[in-house]
Protein chains: 2
Amino acid sequence: MQDIFHPDIKDISLTNVFSALSDPMRLRIVVQLGSMDEEYTCAELQPDGITKSTISHHFKVLRESGIIRTRLEGTRRFVSLRKQDLEARFPGLLTMIFALQSSNEDKGE
Amino acid sequence: MQDIFHPDIKDISLTNVFSALSDPMRLRIVVQLGSMDEEYTCAELQPDGITKSTISHHFKVLRESGIIRTRLEGTRRFVSLRKQDLEARFPGLLTMIFALQSSNEDKGE
DNA sequence: ATTAATGTTCAACAAAATTCGAACAATAGA
DNA sequence: TCTATTGTTCGAATTTTGTTGAACATTAAT
């Protein structure tokens, strides 16, 4: 039932990462995950007015593309950015994304 | 008829750029455009087995997302990377992409 | 054993993206 | 004025993506 598949570093593809980050909601999640070195539950990152199944779908996309890691603990799932892996695979990508956090980018436009 | 719309630098959005680059064919075009400081005609960048209408569509996506610039000359159109604009807007993005050119990324996987 | 909490999965739908061929537009050249 | 060249645009078909509610699974707590 629970696959919780995480691709190996070498299998993280740039096109898949770009595809995952092309959705405003997912990009915002990544920015939020990067803003603090902590884990979040899925519910904590769920925007208002968005259903559980929707956010679950986005986490799956982010996880299968190699951007986040999911850890089970009881009934909850903690997600975190694969910072080191992404930096090793695509140096500078996260840095560039976080730099835009201060400007006016990640709100879908 | 001919719009040839190019978004202003400030209107280039990261999600749109990621979306444009999430397609393997378009990413390959960008890599090829970046490998030389030259302009290409659309036909020169057309992969084997791909129709004109398809490649025309991809150039439109790249242009409207702010990644390339199109210049008319006679019946041909020369396309080039908006290197400076992209570097100003998303510092390090192109550098990161071109670094992968040497590795084994940009072939769809 | 119930009940609650946290997410996933499934079926369904709507919207968007990809691809193609045919038709068209604009220019260059004979 | 024809004709060739280069590329766009317009449907249409197919595929992918985003979203939701209902049902389910798993664990925790009572």
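Trainee: Of the atoms of DNA strand D within 4 Å of the protein, what percentage belong to sugar or phosphate?
Mentor: This is a predicted model. The atoms of DNA strand D within 4 Å of the protein are divided between sugar or phosphate on one side and bases on the other. The sugar or phosphate part is 63%.

Trainee: How far is a polar side-chain atom of His58(A) from a phosphate oxygen of DNA strand D?
Mentor: His58(A) is listed among the residues that come nearest to DNA strand D, together with Thr54(A), Lys52(B), Ser56(B) and Thr75(B). From its polar side-chain atom to the phosphate oxygen the distance is 2.6 Å.

Trainee: Which element gives the largest share of the surface near DNA strand D?
Mentor: Elements that give two or more residues to this surface are helix H3 (52–64) of chain A, and helix H3 (52–64) and strand S3 (76–81) of chain B. The largest share is four residues, and they come from H3(A).

Trainee: Which residue has a side-chain N or O atom 2.7 Å from a phosphate oxygen of DNA strand C?
Mentor: Backbone atoms also approach phosphate oxygens of DNA strand C, at 3.2 Å for Cys42(A) and 3.1 Å for Ala43(A). The contact at 2.7 Å is made by a side chain of chain B, that of Thr54(B).

Trainee: Which element gives the most to the surface near DNA strand C?
Mentor: H3 and strand S3 (76–81) of chain A, together with H3 of chain B, each give two or more residues to this surface. By class, the surface has four nonpolar, 12 polar and five charged residues. The element that gives the most, with four residues, is H3(B).

Trainee: What kind of axis relates the two copies, and why?
Mentor: Chain B is superposed on chain A by a rotation of 180 degrees, with 0.0 Å of shift along its axis and an RMSD of 0.0 Å. The copies are therefore related as by a two-fold rotation axis.

Trainee: Which residue of chain B has the C-alpha nearest the axis?
Mentor: The same surface serves both copies, as 100% of the contact residues of chain B recur in chain A. In chain B, the C-alpha nearest the axis is 2.4 Å from it and belongs to Phe18(B).

Note on methods. Residues numbered from 1 in each chain as written. Chains lettered and ligands numbered in written order. Predicted model: local features only at pLDDT ≥ 70, side-chain atom pairs only at ≥ 80, totals over all residues. Heavy atoms only, no water. Least-squares fit on C-alpha atoms with pLDDT ≥ 70 in both. Contact = heavy atoms within 4.5 Å. Near = heavy atom within 4 Å. Polar contact = N/O pair within 3.5 Å; in protein donor to acceptor, adjacent residues only side chain to side chain. Nonpolar A, V, L, I, M, F, W, Y, C, P; charged D, E, K, R; others polar.
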